[in-house]
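Student: I would like to learn how to read the features of a helical model. Please take them one at a time, with the general idea before the case.

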Amino acid sequence: MPDDVKKDFDEAKSVFNKSPKSAAALLRLALQKLCKHLGEKGENINDDLKNLVKKEKLSPELVKAADTVRITGNNAVHPGQMNDEDIDFVAAKLFTLINLIIKRAITEPKEIEDLYGLTPEKAREAVIKRDSPLDK
């Protein structure tokens with residue numbers, strides 16, 4: 001987890017029992033920073049998520065999870081959007097969703113790249129040549 005995202009995530013954990021709304025808002029902020037870490041502007045989460053799907057950094061299913069974080073975080077700070085019981089329940093799940101996004105968008109690609117790096121260099125060069133757009 002990127003350090004700036006982890007800071008908000010940990011703060012959300014520390015306040016969750018006293019204020020699930022605060023935790024949801026902090027997790028929304030963590031998601032915004034995560035989008036920036038994944039190469040987006042970090043200014044509009046909705047646009048960032050759409051771009052991350054286009055770039056195939058996030059799957060449409062993962063964006064559903066991200067949208068849950070975004071919408072719940074937004075609604076937690078706008079009166080009348082969600083009732084407190086809904087925010088309490090959903091906010092508890094948002095921690096898992098942030099971790100899932102990080103696992104799929106950061107951890108798994110890094111693990112795959114590390115594993116791929118173990119293959120012999122000539123074999124990797126052959127794969128690069130095979131996948132080169134010039135050969136298609």
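Student: At what angle do H1 and H2 pack, and how far apart are their axes?

Tutor: A word on the source first: this is a predicted model. H1 and H2 pack at an angle of about 170 degrees, and 8 Å separates their axes. An angle over 145 degrees counts as roughly antiparallel, so H1 and H2 are roughly antiparallel to each other.

Student: Which residues of H1 and H2 meet?

Tutor: From H1 come Asp4, Val5, Asp8, Phe9, Glu11, Ala12 and Val15. On the H2 side they meet Pro20, Ser22, Ala23, Leu26, Leu27, Leu29, Ala30, Lys33 and Leu34. Sorted by class, this contact holds eleven nonpolar, one polar and four charged residues.

Student: What is the secondary structure of the whole chain?

Tutor: The chain has six helices and zero strands. Along the sequence the pattern reads α-α-α-α-α-α. Of its 136 residues, 33% count as buried. Among contacts with a separation of 6 or more, 55% are between residues 24 or more positions apart.

Student: How many residues does the largest nonpolar core have, and which elements contribute to it?

Tutor: The general idea is that in soluble globular proteins, nonpolar side chains tend to be buried together. Here the largest nonpolar core has 31 residues, and Leu27, Leu31 and Leu58 have the most contacts inside it. Two or more residues come from each of helix H1 (3-15), helix H2 (20-37), helix H3 (45-54), helix H4 (60-76) and helix H5 (84-116). H5 gives the most, nine residues.

Student: Which residues is Leu27 in contact with, beyond its neighbours within four places in sequence?

Tutor: With those neighbours left aside, Leu27 is in contact with Phe9, Ala12, Val69, Ala91, Leu94, Phe95 and Ile98.

Student: Where is Phe16, and is it buried or exposed?

Tutor: Phe16 is in the loop between H1 and H2. Its relative accessibility is 18%, and the cut-off for buried is under 20%, so Phe16 counts as buried. Leaving aside neighbours within four places in sequence, the contacts of Phe16 are Ala23, Asp88, Ala91, Ala92 and Phe95. Of these, Asp88 is 72 residues from Phe16 in sequence, while their C-alpha atoms are 8.7 Å apart in space.

Student: Is Gln32 buried or exposed, and which side chain does it join in a polar contact?

Tutor: Gln32 lies in helix H2 and, at 15% relative accessibility, counts as buried. A polar contact of 2.9 Å joins its side chain to that of Arg28. Not counting residues up to four places away in sequence, Gln32 touches Gly42, Glu43 and Ile45.

Student: What is the phi of Glu56?

Tutor: The general idea is that most residues other than glycine have a negative phi. The phi of Glu56 is near 60 degrees, a positive value in a residue other than glycine. Glu56 is placed in the loop between H3 and H4. With a relative accessible area of 71%, Glu56 is exposed.

Methods
Residues are numbered from 1 along each chain as its sequence is written. This is a predicted model: local features need pLDDT of at least 70, side-chain atom pairs count only at pLDDT 80 or more; totals for chains, interfaces and linings use all residues. Side-chain values use heavy atoms; hydrogens and water are left out. A nonpolar core is a set of buried Ala, Val, Leu, Ile, Met, Phe, Trp, Tyr and Cys residues joined through side-chain atoms within 4.5 Å. Buried means under 20% relative accessible area, exposed over 50%, partly exposed in between (1.4 Å probe, protein chains only). Helices (H or I, at least four residues) and strands (E, at least two) are DSSP runs, numbered from the N terminus. Contact means heavy atoms within 4.5 Å. Axes are lines fitted to C-alpha atoms, for helices over the stretch in contact, and angles run from 0 to 180 degrees between N-to-C directions. Angles under 35 degrees count as roughly parallel, over 145 as roughly antiparallel, 65 to 115 as roughly perpendicular and the rest as oblique. Ala, Val, Leu, Ile, Met, Phe, Trp, Tyr, Cys and Pro count as nonpolar, Asp, Glu, Lys and Arg as charged, and the others, Gly among them, as polar. A polar contact is a pair of N or O atoms within 3.5 Å; within protein, one must be able to donate a hydrogen and the other to accept it, and residues adjacent in sequence count only if both atoms are side-chain atoms.
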